[in-house]
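User: Hi! Could you walk me through this one? I'm new to reading structures.

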Amino acid sequence: KFPAKKNLSQNFLLDSNIADKFIGLAEPFIDNCFVCEVGPGPGSLTRSILKKNPARLVVVEKDSRFLPALKMLRSTREPGGMRIVWGDVMKYKMETAFAGVAKPLPWEAKPNMCLVSNLPFNISTPLIINLLRDMS
């Protein structure tokens, strides 16, 4: 068990039933799509995402305590099916997550990429602003 780090505004979703319900709501966007999860922590949401068969999953985690658990989850996937990025998502260039594999779609089409997260509250607004800037 890992205590939440106050300086990272961490909050962990540990109940797999709640994680499954949360991801179930996003399922139409996850199935066979490219998914980025920000701050996977111990991997509760990650496990639920992997059950929905994303085309590829990239997780961005700042806290190195969770790398062993995430590496274990990655070992259950096909090679290249899950990538772990250790670092600050605020400095991560999101366009590199699926470079060369994800294609832009017409405006009306179902998106083939999505972001899933149980975000720390202190980065939610800055992250969304960064993502919108990257998309424009």
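User: Where is confidence lowest in the protein chain, and where is it highest?
Analyst: In the protein chain, helix α4 (residues 124-135) has the lowest confidence, a mean of 83, while β3 has the highest, at 95. That confidence is pLDDT, the predictor's score for each residue from 0 to 100. Helices (H or I, at least four residues) and strands (E, at least two) are DSSP runs, numbered from the N terminus.

User: What are the ground rules here?
Analyst: This is a predicted model, where local features need pLDDT of at least 70, side-chain atom pairs count only at pLDDT 80 or more, and totals for chains, interfaces and linings use all residues. Residues are numbered from 1 along each chain as its sequence is written, and side-chain values use heavy atoms, leaving out hydrogens and water.

User: And the mean pLDDT of the protein chain is what?
Analyst: The mean is 84, with 91% of the residues at 70 or more.

User: New topic: which strand pairs with β2, and in what sense?
Analyst: β3 does, in the parallel sense, over five bridges; strands pair if DSSP finds at least two bridges between them. Val58 stands opposite Arg83 in β3.

User: How does the chain cross from β2 to β3?
Analyst: The chain goes through α3, in a right-handed β-α-β crossover. Right-handed means that, with the strands pointing away from the viewer, the path from the first strand over the helix to the second runs clockwise.

User: Nice! What does Val35 touch?
Analyst: Leaving out residues up to four places away in sequence, its contacts (heavy atoms within 4.5 Å) include Ile30, Ile49, Leu57 and Val116.
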